[in-house]
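Colleague: I have a new model open and would like to learn how to read it. Could we walk through some of its features together?

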Amino acid sequence: MTNKKINFGAGPAKIPEAVMEKAAREFLVYGNSGVSILGELLQLQHLLQISLLSEMSHRSADFTAIIKEAEKLMREEMSIPNEFEVLFMQGGGTGQFAAIPMNIGMKSAFMVPPSAAITREWLGSRGRGTIRLDTKGPRGKTSADYAVTGTWSDKAAKEAEKYIDIHKVFTPTKPYVTIPAYNSWERSKDAAYLYYCSNETVHGIEFHTPPETHADVPLVADISSNFLSRPFDFTGHGIVFGGTQKNLGAAGLTVALVRKDLIGHENRHCPSILSYKEMHANNSVYNTPSVYGIYITKLVLEWIRDGGGVDKLFATNQEKSRLVYDVIDSSNGYFSCPVDAGHRSHMNVPFRIGGGDEALEATFLKGATERGMIGLKGHRSVGGIRASLYNAVTLEETRALVDYMNEFEAANRK
């Protein structure tokens with residue numbers, strides 16, 4: 001392959017080369033099916049053209065085998081407890097920001113009465129401010145706790161406010177650089193759940209251990225950007241979800257791991273496409289799923305298994321991030337990472353150069369691109385540089401970045 005790039009982008013991210021090679025081989029004809037995983041192909045006579053006629057049916061035996069194998073591999077590689085269901089959904093992690101409160105909680109304001117008691121008095125009151133009714137959500141819960149540690153947990157809390165009363169367990173402070181000590185959190189025993197983002201992609205903040213919670217308050221974890229990058233402790237969790245576009249394949253697929261006792265409590269306003277009950281009852285094919293996305297995730301899970309599993313991946317990911325942080329910490333401030341050392345991410349390493357010298361950072365990015373390294377520009381909301389070291393990024397590729405950082409400092413430090 002010519003002009004090969006090293007993708008340090010935050011997502012959609014690099015897919016393992018072995019996965020891409022296998023996907024390329026099976027693109028035209030999958031297994032013994034006689035059709036492409038994307039669709040049946042017909043080479044027109046006398047023309048060197050290929051026409052896409054129809055998708056592989058999501059009801060076909062071939063795809064059923066694919067999705068079952070993907071679930072099996074997910075359970076094995078992540079050590080998912082039996083009390084959790086594996087749901088393949090759409091809408092990205094952002095879709096889950098709404099799905100979660102609609103499935104396991106309900107807002108106490110603006111709730112329609114449960115019977116035909118939609119009276120003139122009730123209808124007339126809607127325009128005069130917030131309505132408080134005695135009716136509670138399907139689990140008797142009308143509020144949820146949120147730990148806001150960065151952009152994505154903040155977005156999740158704002159979306160959830162449409163469907164449930166939220167309570168932030170600590171006052172978020174910007175810029176986001178740390179996670180407050182758990183013993184300082186103000187948690188509610190009556191919360192429907194406690195939500196946290198396991199790894200904040202924008203700010204490079206990671207929970208290295210799950211938060212503490214009350215016995216009857218399930219944890220809800222967004223693991224989109226550290227999915228299967230390390231072993232995961234399911235203790236205390238009720239829902240664990242993430243998009244696949246960073247560590248598990250292509251964009252367009254969301255995996256939700258939902259504890260069985262939390263399925264079937266959705267409120268009546270929950271769209272069927274976001275209902276855990278409907279998705280579970282229909283084996284994740286309530287509607288046409290992300291067929292190719294599920295196929296690619298199956299291949300990635302095979303790659304993880306064949307490479308020694310998540311424990312080996314975690315060791316490699318620790319080494320990759322250590323290499324980059326060592327350069328930052330040994331540069332006497334030339335490179336700087338604002339994140340508290342105890343909460344630095346293994347997946348996303350944000351840093352500034354020369355105290356935030358934007359011209360110098362632009363020069364760094366230009367030089368990186370010339371060396372075949374792409375996706376290093378920091379998120380637009382924070383600026384600077386960000387190196388995303390997802391599972392598919394190799395140690396060799398990480399060392400290439402580290403070597404460039406050292407060379408850049410030597411050539412440009414004043």
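Modeller: Gladly! Let's start with a pair of helices: α2 passes α7 in a left-handed crossing. Keep in mind that this is a predicted model.

Colleague: At what angle do α2 and α7 pack, and how far apart are their axes?

Modeller: The angle is about 40 degrees, and the axes of α2 (residues 61-78) and α7 lie 9 Å apart. Angles under 35 degrees count as roughly parallel and 65 to 115 as roughly perpendicular, so α2 and α7 are oblique to each other.

Colleague: Which residues of α2 and α7 meet?

Modeller: On the α2 side, they are Phe63, Ile66, Ile67, Glu69, Ala70, Leu73, Met74 and Glu77. The α7 side brings Val291, Ile294, Tyr295, Thr297, Lys298, Leu301, Glu302, Ile304 and Arg305.

Colleague: Let me try another pair. How do α3 and α5 pack?

Modeller: Helix α3 and helix α5 (residues 151-160) make an angle of about 45 degrees, and their axes are 9 Å apart. That angle makes α3 oblique to α5. As for handedness, α3 passes α5 in a right-handed crossing. Thr94, Phe97, Ala98 and Pro101 of α3 make the contact with Trp152, Lys155, Ala156, Glu159 and Ala160 of α5.

Colleague: Now the strands. What holds a sheet together in general?

Modeller: Strands of a sheet pair through backbone hydrogen bonds, and the pairing can be parallel or antiparallel. In this model, seven strands form an open sheet with mixed pairing, in the order β4-β12-β11-β10-β7-β5-β6.

Colleague: Which strands are at the edges?

Modeller: Those are β4 (84-89) and β6, each pairing on one side only. On average, neighbouring strands of this sheet are turned by 20 degrees against each other, direction ignored.

Colleague: What packs on the sheet?

Modeller: Helix α3 (residues 92-104) does, touching β4, β7, β10, β11 and β12 (254-259). The direction of α3 makes about 155 degrees with that of β11.

Colleague: How many bridges join β10 to β11?

Modeller: Four, and these two strands run parallel. To find one of the bridges on screen, go to Leu219, whose partner in β11 is His237.

Colleague: What lies in the loop between β10 and β11?

Modeller: Ser225 is found there. At 1% relative accessibility, Ser225 counts as buried, because the cut-off for buried is under 20%. Its side chain makes a polar contact of 2.8 Å with the side chain of Asn199. Leaving out residues up to four places away in sequence, Ser225 touches Asn199, Thr201, Lys246, Asn247, Met347, Asn348 and Tyr390.

Colleague: And where does Leu228 lie?

Modeller: Leu228 is in the loop between β10 (219-222) and β11 (237-243). Look at its backbone: phi is near 55 degrees, a positive value in a residue other than glycine. Leu228 has 2% relative accessibility, so this residue counts as buried.

Colleague: What is phi at Ser284?

Modeller: Phi of Ser284 is near 70 degrees, again a positive value in a residue other than glycine. Ser284 sits in the loop between α6 (276-281) and α7 (291-306). With 3% relative accessibility, Ser284 counts as buried.

Colleague: Where should I look for cis peptide bonds?

Modeller: Omega is the angle to check. From Gly11 to Pro12 the peptide bond is cis, with omega near -5 degrees, and Pro12 lies in the loop between β1 (6-7) and α1 (17-25). Lys174 and Pro175 are also joined by a cis bond, where omega is about 0 degrees. Pro175 belongs to the loop between β6 (165-168) and β7 (194-197).

Colleague: Which residues is Asn7 in contact with?

Modeller: Asn7, in strand β1, is in contact with Pro12, Ala13, Lys14, Ile374 and Val393, leaving aside neighbours within four places in sequence. A polar atom of the Asn7 side chain also lies 2.8 Å from the backbone nitrogen of Gly9.

Colleague: To finish, how many helices and strands are in the chain?

Modeller: Ten helices and 16 strands. Of the 414 residues, 51% are buried. Among contacts between residues at least 6 apart in sequence, 67% join residues at least 24 apart.

How values were computed
Residues are numbered from 1 along each chain as its sequence is written. This is a predicted model: local features need pLDDT of at least 70, side-chain atom pairs count only at pLDDT 80 or more; totals for chains, interfaces and linings use all residues. Side-chain values use heavy atoms; hydrogens and water are left out. Buried means under 20% relative accessible area, exposed over 50%, partly exposed in between (1.4 Å probe, protein chains only). Two strands pair if DSSP finds at least two bridges between them. Axes are lines fitted to C-alpha atoms, for helices over the stretch in contact, and angles run from 0 to 180 degrees between N-to-C directions. Contact means heavy atoms within 4.5 Å. A polar contact is a pair of N or O atoms within 3.5 Å; within protein, one must be able to donate a hydrogen and the other to accept it, and residues adjacent in sequence count only if both atoms are side-chain atoms. Angles under 35 degrees count as roughly parallel, over 145 as roughly antiparallel, 65 to 115 as roughly perpendicular and the rest as oblique. A crossing is left-handed if the near helix is turned anticlockwise from the far one by less than a right angle, and right-handed if clockwise.
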